[in-house]
Amino acid sequence: MINVTEGAEVRDAVIIRDRAVSVLREPASAGVCLVAPGAIGLPDLARETCVAAGIERTMRVVGNRSLSDVAYGALAPFLGPILDTPDPDALTALSGFRGEIERRRQGAPFVIIVEQVELLDSASAGLLAQISIEAWVHLMILAPGAARIPRDLRALLLEGQLVEFSMTSLSTDGVIAFAHGRLGGIVPWAVADRFVRMGGAAPQILEGGLRESVRTGALVSTEGVWRLVDEPRLGSASVWQLRGMLAQLGPEETDALSAVALAFAIPANLLGEIFGGDAVRALRAAELLVPIERNGLDESGEELLRIPTNLIAVVLRESLSPSASRALWQRVFSRLPLPRLPESTLRYVEWTIECGGVVDTQSLGVLATLANRVGRPELALRAVALDREIPRSTAMQVQRARAHFYLGESAAALQIIDEIFIGPGSLNDIQRIATLLAQIYVTTGQGFDRIEVILDRWITMAEGTNYHGMLAQHAWAMRTPAFLMISGDYRAARAAVEPLLQQSGTISSETVLIGGLTGEILAVTGDFERSLEQLESALELVMHTAELANYGGFLFTRIALVQCSYADWERQDRLLERLAEEQNAWMVRQGVVVELLRAVQNMQEGDFEAGARHSQAAVVLARESDPEHLRPLVLATAAFTAVVCQDLELAATYLAEYGTIEYRGTPLTDTLTRAYAAYARYLVDPSLGLDELRALAREAGEQGHYPARVQILLLLMDLGDRECLGEMTEITEGVTDRMGRAARALAQALRTGLACDFVDAAEIAIECSQHYIAARALTSAFLALRVGPERALHRRALDALALLSPSARALDPMLNAMREATVLSDREREVARLVARGLTSREIARALSLSDRTIEGHVQRVLLKLGLGSRERLLDANLGFIGDTA
């Protein structure tokens, strides 16, 4: 009995195809059952499987909803006159079906491909189960889920005669791994996340969709950087498969689906009232309508239904004539409540305009607000442009300014805010303006004079009020540390921000602002753990409060930048997974940040080639949108990785682009950005010297910018500047961050030049996941051990080398050579085990059918690689198992 059940783990379409082929070649099996969400993409996989199995003769049976109650309805094309008799006999039907298959197969292996199996009538399902007993015919069932298969065919599954292969959607990591394997490149997080959110990220769908990919992404492969601008699309066969499904729906069901496709989401009760409860229940049973995930209820408490894949909605919209669309709009939209989800509101507006209606200002205001919350500033500007109310309300103008800021156009945002200042404004308007100004100021350093003015007005207007009075006073208190941070005095900023940490803050927006401000200042001064606590706590609040979603990207960027120095990648991965599960749409515009994170992580792990590809992806994304002002850092990082990978021409290109940028970037990254650029410039043109890097190190020290100072001193150490060793040892005294600990150990080793200190540094660096530092330390350790050999220390260095990542070993050819010289071959490992058990060379030779001389040669190489003086030492060690190295 064959019973292969693929669970929820990531799987490759090619692997499943090959396994299915092996089952089809097994005469005793009934066939295979291919399962995927919605069964989308399975017809293509079925055809590939038949071709790979060498089966040319096939029959396609398609379940039909309208014939699901008609005996043998699905097999009507293959039974001919038999169906003309009332209540056809089962034996007669089986005989006729067998004869039709014999006629078609002509003695060759034969496969019956069953699509839409959930719509089969019971008589057809039973007949297919019976015919599967024949050794010369196989079934290939394409199903959205095993539970949807008719009883007779499901019995074959339970008996193991029908083998199930489940093709579940991939996770974000699965998408990245799949694309990397197929294309030899890197798929940015924003691209992979988009695929996963579509619900169609199964391997067979990715195969055709990766190269078209998504609106907000770039793909870096061995062929270069691709800019991806289109929505992922499925193959044409899948489109026709969906069209076939839709053709079987009744008119009420089709109208209901079309209405949802045009509006994106409609309350379930309203849909039932307009089109009938039976139509809605049928669509839900077929999973063509599903509740909105996570935010399934709108503010009125009604359940919102949507279509599960974008593709079905596209097909429906294409099939509707303008007159049919207008008729549906007149029938449905007069009864629709104002949507509460951005995509719903977008379709609401688009459909109204298409059908000749006028969108009211309230709907456009909701659309602009929601669009900004989920990182769709271009949609917010579109909503503002459609607003016919002149002059525009302050709330609408604030959303317009925020959209420009998110598009990286800070000057335009500040100009709009200046226009708003002319009007009186309510307290809520003042709060919105102050919040946006604070975000612009902390991100770009622009607009401080406007903050002073707005806070003065806020305090004056809020006098005697409770909520706004307290919020305005606390905002004024945050003004001082923010100004000190932007001006570069991080020590004074930290002293000023400490009192803010004692505030309990009952107002959510205040808590978020304090968390963002204090988190950044604590990070710059080296208190990474407290910094992350503040930032992550604020982000948690944002993720549970829809009104605070504007701060989501801002806070996540700060967390990511802190992690670039703190390097707790497991913690960062957990956060990314959480965000993907929560489906925070504002994460879409964070692709630049995630790519920068991955680039830094790869560099710290010693894989500079992967780091270069990720930084190139970040450059492509930052050129399009840079709301967090990270483009200078991204370009400097890309130039840095390029020179490390010895691509000086590419580095020079990035440096030239870096020189054209007028803004300096965020306070958290500005000094480090200039340091990476200076390092790259020096390697492109060594005549420039190290004075610029040394000056930046002094500046970071004067400001109290700990992360930048450590990084700059590491760069100087890498360039052989011994003057910085004492300074590095001093500033990393007692630190707990990973980079600081590893840098301190390396600096101490470089000062003493002792092999033991270099080995210590390598072990600490590996523990801290700073493999590039460990590689530098091990290179120096092995050189020092050549001068003064010490067997125990040499063994420790080899053990550390075994833990070093392969990419980090590639940084120095000597490390790979040392690694190869210490790895036991399979034969050497076998001989070592036998020696450890007490066998002589002659006994080992007889056991392995080799000569005594050959065995003795193996023994000597084992002793050399394991660092043992004699075979007695190996015998005394009493080793039960010997791995690659001792």
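In this predicted model, helix 30 and helix 32 (residues 648-658) pack at an angle of about 30°, and their axes lie 13 Å apart. Because angles under 35 degrees count as roughly parallel, helix 30 and helix 32 are described as roughly parallel to each other. The crossing of helix 30 past helix 32 is left-handed. On the side of helix 30, the contact is formed by Gln 616, Val 619 and Arg 623, and on the side of helix 32 by Leu 650, Tyr 654 and Glu 657. By class, the residues of this contact of helix 30 with helix 32 comprise three nonpolar, one polar and two charged.

A further helix pair is formed by helix 19 (residues 394-406) and helix 20 (residues 410-421), whose axes come within 7 Å and cross at roughly 165°. Helix 19 is therefore roughly antiparallel to helix 20, since angles over 145 degrees fall in that class. Helix 19 also passes helix 20 in a left-handed crossing. From helix 19, the residues Thr 394, Gln 397, Val 398, Arg 400, Ala 401, His 404 and Phe 405 take part in the contact, and they meet Ser 410, Ala 412, Ala 413, Ile 416, Ile 417, Glu 419 and Ile 420 of helix 20. Eight nonpolar, four polar and two charged residues make up the contact of helix 19 with helix 20.

Six cavities of 30 Å³ or more are found in a search of the whole structure.

| Space | Volume | Lining by class |
|---|---|---|
| Largest cavity | about 330 Å³ | 17 nonpolar, five polar, one charged |
| Second largest cavity | about 190 Å³ | 13 nonpolar, five polar, no charged |
| Second largest pocket | about 810 Å³ | 21 nonpolar, seven polar, five charged |

The volume of the largest cavity is about 330 Å³. Its lining consists of 23 residues, and those closest to the centre are Ala 434, Ala 438, Ala 475, Met 478 and Leu 513. Two or more lining residues of the largest cavity come from each of helix 21 (427-444), helix 22 (448-462), helix 23 (467-487) and helix 25 (508-524). Helix 21 provides the largest share of this lining, seven residues.

The second largest cavity has a volume of about 190 Å³. It is lined by 18 residues, of which Leu 561, Cys 564, Ser 565, Thr 669 and Leu 672 are the closest to its centre. At least two residues of the lining of the second largest cavity are supplied by each of helix 27 (552-566), helix 29 (591-604), helix 31 (631-644), helix 33 (670-684) and helix 35 (706-718). Helix 27 contributes the most, with four residues. The lining of the second largest cavity contains no charged residues.

The second largest pocket holds about 810 Å³ of space. Phe 608, Val 644, Asp 718, Tyr 772 and Leu 811 are the closest to its centre among the 33 residues that line the second largest pocket. Helix 30 (608-624), described above for its packing against helix 32, is one of the helices that supply at least two residues to the lining of this pocket. Helix 29, helix 31, helix 33, helix 35, helix 37 (738-752) and helix 39 (771-787) each supply at least two residues as well. Helix 39 gives the most to the lining of the second largest pocket, namely six residues.

Key:
Residues are numbered from 1 along each chain as its sequence is written. This is a predicted model: local features need pLDDT of at least 70, side-chain atom pairs count only at pLDDT 80 or more; totals for chains, interfaces and linings use all residues. Side-chain values use heavy atoms; hydrogens and water are left out. On a 1 Å grid over the protein atoms alone, a cavity is a set of points where a 1.4 Å probe fits but cannot get out, and a pocket is an open set with protein on both sides within 12 Å along at least five of seven lines; lining residues have an atom within 4 Å of a point. Grid points are joined across faces, edges and corners, and a volume is the space filled by probe spheres set on the points. Ala, Val, Leu, Ile, Met, Phe, Trp, Tyr, Cys and Pro count as nonpolar, Asp, Glu, Lys and Arg as charged, and the others, Gly among them, as polar. Axes are lines fitted to C-alpha atoms, for helices over the stretch in contact, and angles run from 0 to 180 degrees between N-to-C directions. Angles under 35 degrees count as roughly parallel, over 145 as roughly antiparallel, 65 to 115 as roughly perpendicular and the rest as oblique. A crossing is left-handed if the near helix is turned anticlockwise from the far one by less than a right angle, and right-handed if clockwise. Contact means heavy atoms within 4.5 Å.
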